[in-house]
Every structure is written in structure tokens, then in C-alpha cells.
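Let's take a look around this protein together.

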Amino acid sequence: MFKKIMKGGHRKPSKSEANEPPSSYGPGSNVVVSHASRGALVPSPSPVTATTPQPPVMTSVEPLPLFRDVPVSERQALFLRKLQNCCFLFDFTDTVKNNAREKEIKRQTLLELVDFIQSGASKIISESCQEEMIKMVSVNIFRCLPPGSHENTGQEPADPEEEEPYLEPSWPHLQLVYELLLRYVVSTDTDTKVAKRYIHHSFVLKLLDLFDSEDPREREYLKTILHRIYGKFMVHRPFIRKAINNIFYRFIYETERHSGIGELLEILGSIINGFALPMKEEHKLFLIRVLIPLHKPKPIAIYHQQLSYCIVQFVEKDYKLADTVIRGLLKYWPVTNCTKENLFLGELEEVLEATQPVEFQRCMVHLFQQIGRSLNSSHFQVAERALFLWNNEHIVGLIAQNRGVILPIIYPALEKNIQSHWNQAVHGLTENIKKMFMEMDPELFEECQRQYEEKQAKSKDVEEQRLLSWKRLAEAAAEREEDHMITS
């Protein structure tokens, strides 16, 4: 036990732990602290209220009869005893003290509790039993998370698809506790007026703390549970949105490290889908202050798919936001990161598909200046991805309506690709786009070609003059050197 405590170290309590009493619950005293810098304090259950008699405190995990083997009048007392059984925590990393029998008893007890709640017991168990159940859930799931891989090695977080994810050793028990909580929340028999007393703001904050878990199975359960809580407890909705925003702010402007950004964005994608029109100012500010700046952090590839979905949802809900979104993308457009630029181009295409002509005209000059730079990228995948924008009929329609502005901006980039790009596929795609513009408006195309040639000729003259000036300077310097040698 001393080694476990030393391993945990000391830490500052998080905001979600403020003003909580110290732990004093018997079975909960077996909590194992895994790491000092991450996680939430295990809450200490308070005594059961007087509505249901409290069973004697259990000092160890012991087998109990099944619910079906006791009279209905005794089931609530048995329910409380089973909850006490499940409050005992085990160290799954300890190979010396295995506790296999006790672990199996707890697992079977959790399975029975899940079945009991799923069968509609929520409407018959008392409020005090529901309170004790939430306390048992809290004892099991609210814990200090183990250090992340970057904390051990100091390296940047890697792509989760390229490395083996961390798997929580106590998952055989944790999964069933999460399943129990999920069944309780989604049950139609659960009275929200009663449940909100125990699933309160502090509980929700601690759930959000757990999204930093590196175990993808745990994050998936947390995502489903939080989404269901958001849907069922309308009173918590503004608080949940604000708490998620705070996680994003810290990720964007401080740490750039968090395991659950993708899952939180998935929840928000569903929430955005349900926004009523006209959209509230609060939601527009969320887009501007949170979603658009989420394009800034380096590990965007991990959560870009979910982020792009949220962004497109906003534009589809309110087409007037397209200009804001496109300008936001241009603000955070990557300069040297080709993988990130490819992601931006893909997202840009989705946004442009939902963009109306009026909003397109507001941002098209800056937009196609950037697209021109992407067309000339020496990384062939970036150049190709930019050229693929012309495969989209809606985007081609927008370009055709505004060709008088767009073609003069984009023509030099097309010519540069044809003259000097090293990749043959880029050459072919560029030729196709030139042909498309030529068929679209031959007169405009010829005018752009003429202006380009004039500009190139002027540039050539300027370059020749520059070289001539340097040549004269070199000759003058040589003559001066000769005169100096003669006089000396």
C-alpha cells in the first residue's frame, strides 16, 4: 500500500473536486492512486438516507444471494448490500495479490445489477438506493488516470492508428460499472427529477475529466453516457456546453494534449444538428471562439474528421456563416505541414459545397489566392488535392459565375504548374483546368494569357536590368582594383 501511495505522489485538487469532504467510506478506502497529475478525487459516499434501512457495513467482498432468490420486500436491502460489494476496488496490476475469487464475485454482482436495472427496477428502488448506486459508480470510475505516453517519454502524441492504445487493466469491472450507469440514465423508468439530485454538475465535471483517458473503450462509453445525460437532463445542457468549451480552450491555448477531443466533438456534432433556427448568438460564438481555433493545434489529424463535421453542420444550418468559416480556415492555413494542408483542402471542399453565391463572393479573392499557392505546392498530393476542387460541380458553378475575378488570380499558378512542376499527374490536371476555363470564356482566357505574357516579359526585362547592373558593378570594382594595384 505504501508503494501505491508513493507512486501517486501529491497533487492539487481539480476544480471539480473543490469543497468535497475527505474520504471516509469503508470499502472506498482501497482506492489505488495511479498518477498525480491527472484525474479526479474519488468521492466518498455519505450515509444512506432514512428512507431505506442501511445494511451493516461489509468488511470484505462476499457472495450474496440472487435477486430472484429473495422476497420482493427484501430486494432493496439486498440491492444496497450488492452496491457495498461493488465499492471494493482491486489492483489489477498486482500480480502477487491476485484476489481472483473476490474479483469474480464483484464482476458477477455488477452483471446482476446491470440486469436488475435493465429489467425496470429504476421505478421500484427508492431514492436512497439510487443515491447509493451513483456513489458506487463514483467510487469505481472517478480515479487518477495513469500518465500519458508523452508524460513518460516527453515525445509529441503519436497518431493513435500507428501505436497500440493504452488499455485500462481494471476494464473487466469498469466496463460493467459504465454499463450500469448507462442503463440507469437511458431507462424510461428513471425519474429525471430524482436522478438530477445525484447526477449533478460536480458529477458531470468528473465525467468530463475522464475523457482524457487513453483507453478508447472508456472514452466510447463516456461519449455515449454524456450524450444521453445531455439529452435527458435539459437543466444540465448549458453547463455541459460551457464545461466542454473550457476543455477545448485549455487544449487550444495551453496543452495541445488531450485524448478525448474527438469524442467530445462527436457529441457536439449531434448537439449542433439539433440547434434551432435562427441560431443563438451563443452558438455562433462557439463556432468562432472554439471550433475554428481548433484548427490551430498540431495533432489536428486525430480529431479533424469530427471537427470538419461540426463545421459543415454550422454552414448547413446557417449559410451566412460560410464566409466566417472560410476566413477562419485561411487564418489558420498551414504553411509547411503538407498533411495538415491536405486536411484543410478536404474540409474547404465540404464547406464550399454548402456555400451560397453571395457568401462565396465575400471571400473569393483571399480564398483563391491561397488555392493558387496550394496549386504550386512542390508536394504533389497538396497540388493534386487543390486541383481536385474543380471536380466538384457546385464549386465549378460558383467559379463560373465569378470567373472574371477568379481566373486572373489563378491563371499565373496554372501556367507555373505547366512550365515547371515536376509531377506529371499535376501537369495533366492543370491542363484540364486550363481547357475548362478556355471553354468557359475564351475572351477572358485570352485576356488573362496576354496579361500574363506581358507581366512575364516585364519581369524578364527587370531581371536583365538587374543582372546588367550587377555586371557593371563587378566591372567597376575590377577596374578600381587594377588602379589600386598600379598606384601601389
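Grid points are joined across faces, edges and corners, and the volume is the space filled by probe spheres set on the points.

The second largest cavity has a volume of about 50 Å³. Among the residues lining the second largest cavity are Arg-241, Phe-275 and His-283. Helix 10 (237-255) and helix 12 (281-291) are the elements that give two or more residues to this lining, and helix 12 provides the largest share, three residues. Helices are DSSP runs (H or I, at least four residues), numbered from the N terminus.

## How the model is read

This is a predicted model: local features need pLDDT of at least 70, side-chain atom pairs count only at pLDDT 80 or more, and totals for chains, interfaces and linings use all residues. Residues are numbered from 1 along each chain as its sequence is written, and side-chain values use heavy atoms, with hydrogens and water left out.

## Paired charges

Side chains of opposite charge can pair when their charged atoms come close. How many salt bridges does the structure hold? The total is 24, counting each side-chain nitrogen of Lys or Arg within 4 Å of a carboxyl oxygen of Asp or Glu.

One of them links Glu-104 to Arg-107, with the closest N and O atoms 2.9 Å apart. Because they sit three residues apart in helix 3 (residues 100-118), about one helical turn separates Glu-104 and Arg-107.

Definitions and conventions. On a 1 Å grid over the protein atoms alone, a cavity is a set of points where a 1.4 Å probe fits but cannot get out, and a pocket is an open set with protein on both sides within 12 Å along at least five of seven lines; lining residues have an atom within 4 Å of a point.
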